Amino acid sequence: MKTTLVTAALCLGLAASASATDLADAVYSTVSSEGFTNLTGTTFSSAGSTRDLTTIVVVLDYSTVTSLIDSGELSSATTLFTFSNSNGNGIAVSISGSQSESGEYTLVANIASGSYSKDSGNLLNTTSYDAETGTITFSVQTMDGSNGTRIYAADGTVYWSQSNIRWSQATDGYNQITYSSTDALLAVYAFNSALSSEEITSISAQAAAAVPEPATATLGLLALGALALRRRRA
């Protein structure tokens, strides 16, 4: 039974005029049962005309991730999606993984734009991994101006920076997500503000908790099927 989740939070922006403290604050959301589509023309900007203030929370199924590692499909960086703005600047968010001789899994998050890239180190072996809940949470935050982009660990106090990856302060137009690999994706939430490290931690935990365990979802479908059959017989 798949009981573990990986939660990835893609967070774009340095400061926000409004904060998000609940999944209900998301301006866009989708789950695996609905399918993942390109969000062409969808704007996730907050107050003002810049596109720097956006947060995207992504939930991955960790059992699927480990299966992809076992099969060798994550031996090199595999792009989950690319987030781009109206200036045509895009940031690819990827994951790769490996397994040691002792059986320990390692998952690495990577961001890339043009000739620049940055990886997170071994997220499974850092504060991003919660052995009790079986979750991994990482965040990516793109900042204004020349401050670049950071990958945050789960608690928001550990991060990796790349100053050359940035939006170049795009104005007007739209932000767009183009999905490349959805095998491990369970849910995606978008917010029109840049969350603080505390908010990232809280929202990521909420997003992971909001996704039902596969066994629970299966039981729910069976119950609905039984109810439908009973009504037909009646």
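**A walk through the predicted model**

Helices (H or I, at least four residues) and strands (E, at least two) are DSSP runs, numbered from the N terminus. This is a predicted model, in which local features need a pLDDT of at least 70 and side-chain atom pairs count only at pLDDT 80 or more, while totals for chains, interfaces and linings use all residues. Residues are numbered from 1 along each chain as its sequence is written, and side-chain values use heavy atoms, with hydrogens and water left out.

The protein chain averages a pLDDT of 73, and 67% of the residues score at least 70. Over residues 1–5 the pLDDT stays under 50, and the model has 22 contacts for this stretch beyond four places in sequence, a contact being heavy atoms within 4.5 Å. Residues 12–18 also have a pLDDT that stays under 50, with 31 contacts beyond four places in sequence. Where pLDDT is low, the predicted coordinates should not be read in detail.

Five strands make an open sheet in the order β7-β6-β5-β4-β12, with antiparallel pairing; two strands pair if DSSP finds at least two bridges between them. At the edges stand β7 and β12, each with a single partner strand, so one side of each is left without a neighbour in the sheet. From one strand to the next the twist averages 20 degrees. Within this sheet, β4 and β5 pair in the antiparallel sense over six bridges, and the bridge partner of Phe 81 is Val 93 in β5. Helix α1 packs on the sheet, where it touches β5 and β6, and its direction makes about 90 degrees with that of β6; axes are lines fitted to C-alpha atoms, for helices over the stretch in contact, and angles run from 0 to 180 degrees between N-to-C directions.

Seven of the 10 residues of α1 are buried, so this helix is largely enclosed by the rest of the structure; buried means under 20% relative accessible area, exposed means over 50%, and partly exposed lies in between (1.4 Å probe, protein chains only). The buried residues of α1 are Tyr 62, Ser 63, Thr 64, Val 65, Thr 66, Leu 68 and Ile 69. Just after the helix, Gly 72 takes a positive phi of about 85 degrees. In strand β5 lies Ser 96, which is buried with a relative accessible area of 17%. Not counting residues up to four places away in sequence, Ser 96 touches Leu 74, Ser 76, Ala 77, Thr 106, Leu 107 and Val 108.

The largest nonpolar core has 35 residues, and those with the most contacts inside it are Val 65, Ile 95, Phe 138 and Tyr 179. At least two residues of this core come from each of β3 (54–61), α1 (62–71), β4 (78–84), β5 (90–99), β6 (105–113), β9 (135–142), β12 (176–179) and β13 (185–191). There is also a second, separate core of 12 residues, which includes Val 57, Val 59, Ala 187 and Ile 203. A nonpolar core is a set of buried Ala, Val, Leu, Ile, Met, Phe, Trp, Tyr and Cys residues joined through side-chain atoms within 4.5 Å.

The structure holds three aromatic pairs; rings of Phe, Tyr and Trp (its six-membered ring) pair if their centres lie within 6.5 Å, and planes under 30 degrees apart count as stacked, over 60 as edge-to-face and the rest as tilted. The rings of Phe 81 and Tyr 179 have their centres 6.1 Å apart and their planes at 75 degrees, so this pair is edge-to-face. Because Phe 81 lies in strand β4 and Tyr 179 in strand β12, the pair ties together parts that are 98 residues apart in sequence. Both Phe 81 and Tyr 179 are buried, and together with Phe 36 they form one aromatic cluster.

Another group of strands involves β9, which pairs with strand β10 (residues 149–152) in the antiparallel sense over four bridges; there, Thr 149 in β10 is the bridge partner of Thr 142. Strand β10 is in turn joined to strand β11 (residues 159–162) by four bridges, and these two run antiparallel, with Arg 150 standing opposite Ser 161 in β11. β10 and β11 form a hairpin with six residues between them, and Gly 156 in the turn has a positive phi of about 75 degrees.

Key: pLDDT is the predictor's confidence in each residue, from 0 to 100.
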